[in-house]
Amino acid sequence: MAHFTKATSLHDWLNQRLAIDTLRRVLATEYWIPKNINFLWAMGMVLAITFAFLLVSGIFLLMYYQPNVDLAFDSVNYTIMQEVGYGWLWRHVHGVAASVVFLIIYIHMFTGIYYGSYKKGREMIWLSGMLLFVAFSAEAFSGYMLPWGQMSYWAGMVITNLFAGGSLHADGLVEWIRGDYVPAQAFLNRFFMLHVLLIPLAIIGLIVLHFGALRIPHVNNQDGEEIDFEAEAAKYKAGDKANSKVIAFVNDFMSKDMMVVGIYLIFFFYLVFYHYDFAMDPVNFDPANGLKTPAHIYPEWYFLWSYEILRPFSTDVGLIAFAFAQVIFFALPFLDRSPNAVPASRRGLFKFWFWAMLIDMIVLTAMGKVPPEGMFSAIGFYAALTFIGLWIALPFITKFEKKV
Amino acid sequence: MKNNSRRGFMGKAFGAVAGVGAVASLYAMKRSWDPLPSVKAAGFTVLDMSAYKENELVTEKWRGKPIFVLKQTAEMVKKAKENPKDIERLIKIGNDYFLVALGLCTHLGCIPGYNPDDKSFLCACHGGLYDFTGEVTKAPPPRGLDIPPFKIDGNKLVLGEEGPEYKKMLETGITLKA
C-alpha cells in the first residue's frame with residue numbers, strides 16, 4: 001500500500017489519492033503545441049464546445065420529448081416550443097449546433113488534408129477522426145427522425161431502403177432495421193435509443209481515442225516542420241520561451257484557442273437567435289404521413305454531396321458510387337503516396353488536387369439541393385464522375401511528387 | 001512452467017465460455033430487433049373492385065404501405081395488349097382490367113404521383129417515370145412497380161394472400177415478392 005500522510009490542504013488530500021498534479025502536468029501544462037499554427041488549429045476546440053452545447057441542450061429536450069408516433073410531433077412543436085419555459089432555446093441551440101457542427105467538421109477535415117496532417121505517424125488521428133465523422137452522421141440522421149415530421153418519415157424511408165442493396169433486394173434486412181414494413185413505432189423507438197444513448201456513447205469514446213491519437217505524433221504545424229518536441233520542451237522549461245518552438249497547451253495555447261471559440265460563439269448565437277430557420281426544414285413542420293411523399297426529398301446540406309453522388313446513376317451503380325464516397329476518405333493516408341507532410345501549396349500537383357476536390361464537393365452540394373432536371377442533372381453527373389476520378393488519380397499524382 | 005500451462009488452459013476455457021456467451025447474446029440482440037409478431041400478423045386488406053372509376057387513381061393501404069388501384073379504360077387495355085409484358089401486369093376481374101401495385105417507387109421508396117392526362121406516374125424524388133401498367137419508362141427505377149400478393153375472390157381482391165394469378169406473376173418475373 002502507498003504511504004499516506006496527514007493532508008495539509010484539500011489539494012494535498014486529493015493529490016495523494018488522485019495524483020492531480022501529475023494529471024494536470026501530463027494533460028495540460030506539459031502537453032506541447034507548436035507555435036507556428038493559425039486559427040484553423042482551433043477547430044478541434046470549437047468542435048468540443050459545440051458537442052458540449054449539443055449534449056446540454058439535448059438533456060433538456062429529453063425531459064419533454066415523447067418517442068411515440070402519435071405524440072412525438074406535438075411534444076416537439078407544441079410542448080417544447082410553446083409550453084416549456086425556454087424550450088425554444090434548447091431546440092434552436094440543438095438544431096443550429098447539429099448543422100454548424102458539420103460545417104466545422106468539414107473545415108477541420110480540409111485543414112488536415114491541406115497541411116498533410118494525416119501522414120507520418122498521424123494516420124490514427126485521421127482514422128479516428130473519420131470514425132467520428134461517421135458517428136456524427138449517424139447521430140444527425142437518428143436525431144432527424146425524432147420530430148416525426150414529413151421529412152423525418154421520408155428520409156427514414158429512403159435511407160433505410162439503401163440497405164436493400166439495390167438488386168440484392170434485401171427487403172428482410174430493411175424490415176429488420178425498421179422493425180416493421182414501414183417506419184413506425186418500433187423504428188421511432190429504436191432510433192430514439194440510438195440517438196440519446198448508443199451513438200453518443202460511441203462519440204465520447206471516439207473523442208477520447210482521437211485525443212489519444214494526438215499524444216505521440218503531436219499536432220502538425222503550418223510549415224510542415226518536423227519539430228523535436230522533447231528538445232523544444234526542454235528549452236521552454238528552462239525559461240527560454242522566446243526561442244522554443246513550442247508552447248504549453250494550458251495556459252498558452254488555450255488562451256488563443258478560447259479567443260477563436262469566443263468569436264465562433266458570437267456567430268453561433270447570432271444563428272440561434274436570428275437565423276435558426278436555416279436548420280429547420282419547413283416540410284418537417286407537417287406531421288409524418290406514410291401515404292404522401294413530399295414533392296422534393298433532400299437531406300440536410302451536409303449530406304448533399306454524397307446524396308448527389310448517388311442520384312445521377314441507376315440504382316446499383318448509384319449505390320456503389322455512394323458506398324465509395326462514404327468510405328474513400330478513410331483511405332486518404334494510404335492513397336497519398338508522397339512522403340511530403342507539408343502544406344498543399346508546396347506539393348506540386350497535389351495543390352490542384354486539393355482545390356479541385358474542395359470545389360467539386362461544393363458543386364455536388366449545390367447540385368444535390370436543386371431538382372434533378374436538365375442542366376443540373378448533367379452538372380451533378382459530371383461532378384460525381386470528377387469526385388471518383390480525383391480519388392483514382394490521387395495515388396498516381398502523389399507517387400511522382402518531388403520530395404521537398 | 002506448470003503454472004503457465006494451467007493459466008493457458010484457464011484462459012482458453014474462459015475464452016470458450018465467453019465465446020459461446022457472446023454468440024448467444026448476439027442472437028438475442030438480433031431477435032430483439034426483429035419485427036414483432038403483432039406487426040407481422042398485420043391483417044389482410046380486402047378491396048371491393050366494383051367501386052373504382054376508370055383512369056382515376058385510388059390509393060389504398062396495406063401493411064402501412066400505399067397500394068395504387070387504377071381501373072383501365074378500354075383504350076388503355078387495347079394499348080396494353082400490344083405488348084404482352086404490359087397486359088400481364090394487369091389483374092382481370094370480370095371484364096375489367098386493373099393495375100394494383102405497391103405505390104412505392106422501386107428506386108428508393110418515394111410515392112409517385114399519377115397524371116391522368118399523360119396516363120403516367122412520376123416519382124418526384126429522382127425523376128423516375130412509369131406508364132399506366134406500372135412499367136418503367138425512365139430510369140433510375142430498376143423495375144416496374146411491385147405487385148402485392150393478391151387473391152381474386154369473385155368481385156373482391158384480398159391483399160396479403162397468394163392466389164394462383166399472383167403466383168404466375170412471380171414465376172414469369174412480372175413482379176418480385178413484395
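User: Which domains does the domain assignment of chain B give?
Analyst: The assignment gives domain 1 (2-34) and domain 2 (40-171) in chain B, with bounds that come from an automatic or database domain assignment. Please keep in mind that this is a predicted model, in which local features need pLDDT of at least 70, side-chain atom pairs count only at pLDDT 80 or more, and totals for chains, interfaces and linings use all residues. Residues are numbered from 1 along each chain as its sequence is written, while chains are lettered from A and ligands numbered from 1 in the order in which they are written.
User: And what separates the centres of those two domains?
Analyst: Taken over C-alpha atoms, the centres of domain 1 and domain 2 of chain B are 51 Å apart.
User: Switching topic: how many residues of chain A are in contact with chain B?
Analyst: 28 residues of chain A are in contact with 24 residues of chain B, where contact requires C-beta atoms, placed from the backbone, to lie within 7 Å.
User: Which element gives the most on the chain A side?
Analyst: H7(A) gives the most, with four residues; helix H7 (150-161), helix H8 (171-178) and helix H13 (315-327) of chain A are the elements that give two or more. Helices (H or I, at least four residues) and strands (E, at least two) are DSSP runs, numbered from the N terminus.
User: Where does Ala19(A) lie, and is it buried or exposed?
Analyst: Ala19(A) sits in the loop between helix H1 (10-18) and helix H2 (20-29) of chain A, and Ala19(A) is exposed, with 12 other C-beta atoms within 10 Å. A residue counts as buried with 20 or more other C-beta atoms within 10 Å of its own, as exposed with 12 or fewer, and as partly exposed in between, with C-beta atoms placed from the backbone. Phi of Ala19(A) is near 50°, a positive value in a residue other than glycine.
User: OK, on to the sheet in chain B: what is its strand order?
Analyst: The order is E1-E11-E10 (chain B), an open sheet of three strands with antiparallel pairing, and two strands pair if DSSP finds at least two bridges between them.
User: Why is one side of E1 and of E10 left without a neighbour?
Analyst: Strand E1 (45-48) and strand E10 (150-153) of chain B stand at the edges, each with a single partner strand, so one side of each has no neighbour in the sheet.
User: How many bridges join E10(B) and E11?
Analyst: E10(B) and strand E11 (residues 156-159) of chain B pair in the antiparallel sense over four bridges, and Phe150(B) stands opposite Leu159(B) in E11(B).

Note on methods:
Two residues are in contact if their C-beta atoms, placed from the backbone, lie within 7 Å.
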